[in-house]
Amino acid sequence: MELVCPAGNLPSLKAAVNNGADAVYIGFRDDTNARHFAGLNFNDKQIDKGLQYAREHGTRVFVAVNTYPYPSGFSRWQQAVDRAAEFGVDALILADIGVMDYARERWPDLNLHLSVQGSATSHEAIRFYAEQFDIKRAVIPRVLSLKQVETLINKSPVPIEVFGFGSLCVMVEGRCYLSSYVTGQGPNNFGACSPASFVRWEETPAGLETRLNDVLIDRVGKGENAGYPTICKGRFEVMGRTGYAIEAPTSLNTLPILADLHRIGAAAIKIEGRQRSPAYVAQVTRVMRAAIDACQRDPDNYAPQQDWMTQLASLSEGSQTTLGAYERTWQ
Amino acid sequence: MNTQATQAKRLSLGPVLYFWTEDQLREFYNMVADSPVDVVYLGETICSKRRSLNVDGWLELADMLQQAGKEVVLSTLSLVEADSELGLMRRLCENDHFRVEANDMAAVQMLAGNAEFIGGPTLNIYNTRTLNNLNNLGLKRWVMPVEQSRDTLNDFRQDMADGIEVEVFAWGRLPLAFSARCYTARNHNLPKDDCGFRCLDDPDGMLLNTREDDAFLVLNGIQTQSASTMNLVRELDSPDVDIFRISPQSRHTDHIIQIYHKCLQGEMAIDDAVTVLESLMPTGPCDGYWYGQAGMAAGCNAA
């Protein structure tokens, strides 16, 4: 079971490599990837250095080109595929069928992974990408219970990568327009959820308000932490009650079920968070490395150490973690 | 080269996105049989636990509507989680009377190379290369994802393959997201596995307001929709669209179909239609996506 870690810049890449990542995933500095944030991601020189550093340490490098180009921007995605291929990266993580078609035609030997943004939640959907584009791995959305993941892995034509830790998308990835509904820009068409340029924080007599393109997402009182105004983690009123109608700020943490993921044959555990700091990447990578090693050494007696849980909770949204959809009761 | 729509423009009725009882569904589709829609999409696309009708029940309705002169399409589930759902999907995909609207790549996989199909609005078709690729596998009609604009559609038209029909989501609360979690059950403090089918209480979904009392979203089981209703009646003369989709709501759908039909026939002034249609929306209007803006924006092309 491989550990796949995020790197939004060169220091994060080194942090992931130094702390035991089997692979790191990165993106280019534009809207061709799903973490299109100002100041984040890699230019050519940084990729060159990052690849060299990773290779010296035996770590593989994947490049995410996992947003959806409109017709007018398609050539930018082609160029991203070409750049990644020319750098000789270990895999390209793609979501769009057109981009996959191009990559397969232009670079027949390139190793393709289906991104979580491809929204493939069943073995039949994955079979489509395997048959049409010869993908070698699929990353699955955070919507299946552990039992359903097991069934999918058993029937999937390719190895499956699952999310292990990080911010939790509660909607099917690649199928969520909440951000674009409010701002015009979302994960699919812009590479970011709730883009920072639309975010406003405002002290008011009623409390600190967070708004996204003027829509009130949350209001917190003194002593409460105001989270980033992601729509699905806001507080709203439903049937006369105000609360987290969709989900509270929380992060996914699979340490408690790591032995199960190992047993059912997950090929890789993915850590979310290319937008996070190098210190964050270092700490999460270190904990997950220790946990995966313990799990693989003795899966029958694996249990997450309290210290690991504490460390990961301190890095989580709202200092809370959840098993998310892996656990039926969450659903 | 397919530069513009050729046939007369048609109206379609999308699948019912809410959980209605069998009686409600039968009454609704009896109305539809006598209405001037050309195409009717049938089936449960949101939650496989909703079984007011089983597959045979849907097929029976499909026959009835076909005899009434409608083109009938069977719509598949949008989010597939369990293997049992794939079994039902396969039955739909392998039926030999009606075309199928694929709302997930699993359905595309079942249909590809076997039957002509319609690409539903939840397939991620964002560029011509993707569309043409699926056309080679049997896609004959494309329902554009709701977040795409008229300019994007026009770009598609420049080099999309011949013979693909374009349908747009013209009327209704916009489908915005899907989740493993059932928000209806969550807001009733019930587990999804023991939900009591409370979504039957909300035939147009459950309203979610901001803390400033603005109607914002609608929770429909595992689906999240816009509270505002998309209305593209001003765009019926768009040269790039073949079919305009009306998404069913529990009240006034017959009236909405009539108004769209009259506008298409040139029998009603668009401004008058807008006034009446806005009075038939559960909450307010929106049309931003079509004009390349935030989806919630409204009145982007007001006369």
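Modeller: A crossing is left-handed if the near helix is turned anticlockwise from the far one by less than a right angle, and right-handed if clockwise. This model is predicted, so local features need pLDDT of at least 70 and side-chain atom pairs count only at 80 or more, while totals for chains, interfaces and linings use all residues. Residues are numbered from 1 along each chain as written, and chains are lettered from A in the order written.

Colleague: Is the crossing of α1(A) past α10(A) left-handed or right-handed?

Modeller: Helix α1 (10–18) and helix α10 (278–297) of chain A, both DSSP runs (H or I, at least four residues), pack with their axes 8 Å apart at an angle of about 15°. They are therefore roughly parallel (under 35 degrees). Pro11(A), Ser12(A), Ala15(A) and Ala16(A) of α1(A) meet Pro278(A), Val281(A), Ala282(A) and Thr285(A) of α10(A), and the crossing is right-handed.

Colleague: Which element gives the largest share of the side of chain A that touches chain B?

Modeller: In all, 56 residues of chain A are in contact (C-beta atoms, placed from the backbone, within 7 Å) with 51 residues of chain B. Elements supplying at least two residues each to that side of chain A include α4 (97–106), α5 (123–133) and β10 (215–220). The largest share, five residues, comes from α7(A).

Colleague: Which residue of β8(B) is the bridge partner of Val238(A)?

Modeller: Strand β11(A) pairs (at least two DSSP bridges) in the antiparallel sense with strand β8 (206–209) of chain B, over two bridges. In β8(B), the partner of Val238(A) is Leu208(B).

Technical notes
Axes fitted to C-alpha atoms, helices over the stretch in contact; angles between N-to-C directions. Parallel < 35°, antiparallel > 145°, perpendicular 65-115°, else oblique. Contact = placed C-beta atoms within 7 Å.
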